Amino acid sequence: LVADPATRVIVLVSKPPAPEVAARVLARARGAGKPVVACFLGAHAADVSGGAVTAAATLEEAAAKAVALARGEHAPAAVAALPAFQDLALRPGQRYVRGLYSGGTFCYEATWLLSAQLEGVRSNTPVGRARALDDPWHSQGHALVDLGDDEFTRGRPHPMIDHRLRNERIVREAEDPEVAVLIIDVVLGYGAHPDPAREVVPALRAARAAAERAGRGLGLVGFVCGTDGDPQGLARQEAVLREAGMILTGSNAQAARLAAAMVSAHGTPR
């Protein structure tokens, strides 16, 4: 990419890297001779920036900065505001966010963001202030689970391909009287299910119905990672999810912030 004249900006994205690996990668990037945007989730900007390298805290910020640099601009493009949401009609005791992720990097990012805003965040892939779940098969408090981790994929397809395990977990989380908001990622592409939105919609409807039967509200927040060039079609997938009552954001970072705002609006301790 350094030698490619058609490449104007290089973007590096990583789950929390080992310090020695990050140092080697950044040393190469700082000598690239062209702009590099590095998003090492959970890393301090001061440890990443330098030379040709610009740090980004989130995937969304990395994209905005890369586009700005490619256009010869100094400031990143504006990050979209969070969508408005209606009162969830939560009952006393509903206070937790549960994230069920098929994308591991998305789970890391959401865990890092939520643990900075809410107390007691747990995950099977903890980062930031988050703690490890005692049992990844059972959520505790605010919990974000990477269902693509090895413990969930032994003997079964990845959750981007086979949605059954996550669908079962969606309904089970909604039956927990302490759950206020669910976060779901939907990933498009040639390595994903041919119609993931329609696969997850029955579980979303069942989750909402379970909450309604118990007289509880339930927030369904999500985002679609993909484009209209993907075989599933971004607009088509988003339309199906919105029709099922999901509040869609433009990025995973926005979904995490929106979920935190939803529970905080009802007095969840920060």
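Q: In what order do the seven strands of the open sheet run, and how are they paired?
A: In this predicted model, the seven strands follow the order β6-β5-β7-β4-β8-β9-β10, and the pairing is parallel.

Q: Which strands stand at the edges there?
A: Those are β6 (131–132) and β10 (247–248). Each has a single partner strand, so one side of each lacks a neighbour in the sheet.

Q: What about β8: is it buried or exposed?
A: Strand β8 is mostly covered, with nine of its nine residues buried.

Q: How many bridges join β8 to β4?
A: Five bridges join the two strands, which run parallel. Within this pairing, R98 has L182 of β8 as its bridge partner, and L100 is partnered by I184 of β8.

Q: And how many bridges does β8 form with β9?
A: Seven bridges pair β8 with β9, again in the parallel sense.

Q: What handedness does the unit of β8, α7 and β9 have?
A: The β-α-β unit made by β8, helix α7 (residues 196–213) and β9 is right-handed.

Q: Which strands does α9 lie across?
A: Helix α9 lies across β4, β8, β9 and β10. Its direction is at about 170° to β8.

Q: And α8, which strands does that one lie across?
A: Helix α8 (residues 234–243) lies across β8, β9 and β10, and runs at about 175° to β9.

Q: What is L114 in contact with, leaving aside its neighbours within four places in sequence?
A: With those neighbours set aside, L114 contacts V97, V121, L144, I183, A256 and A260.

Q: Why is α4 described as largely enclosed?
A: The reason is burial: 11 of its 14 residues are buried, so the rest of the structure largely encloses α4. The buried residues of α4 include F106, Y108, E109, L113 and Q117.

Q: Changing topic, what is the order of the three-strand open sheet?
A: The order is β1-β2-β3, with parallel pairing. The edges are β1 (10–14) and β3 (53–55); each has a single partner strand, so one side of each is left without a neighbour in the sheet. The twist averages 25° from one strand to the next.

Q: How many bridges join β1 to β2?
A: Five bridges join these parallel strands. Among the facing residues, V11 stands opposite V37 in β2.

Q: Which strands does α1 touch?
A: Helix α1 (residues 19–30) packs on this sheet and touches β1, β2 and β3. The direction of α1 makes about 165° with that of β2.

Terms used: Residues are numbered from 1 along each chain as its sequence is written. This is a predicted model: local features need pLDDT of at least 70, side-chain atom pairs count only at pLDDT 80 or more; totals for chains, interfaces and linings use all residues. Side-chain values use heavy atoms; hydrogens and water are left out. Buried means under 20% relative accessible area, exposed over 50%, partly exposed in between (1.4 Å probe, protein chains only). Helices (H or I, at least four residues) and strands (E, at least two) are DSSP runs, numbered from the N terminus. Contact means heavy atoms within 4.5 Å. Two strands pair if DSSP finds at least two bridges between them. Axes are lines fitted to C-alpha atoms, for helices over the stretch in contact, and angles run from 0 to 180 degrees between N-to-C directions. A crossover is right-handed if, with the strands pointing away from the viewer, the path from the first strand over the helix to the second runs clockwise.
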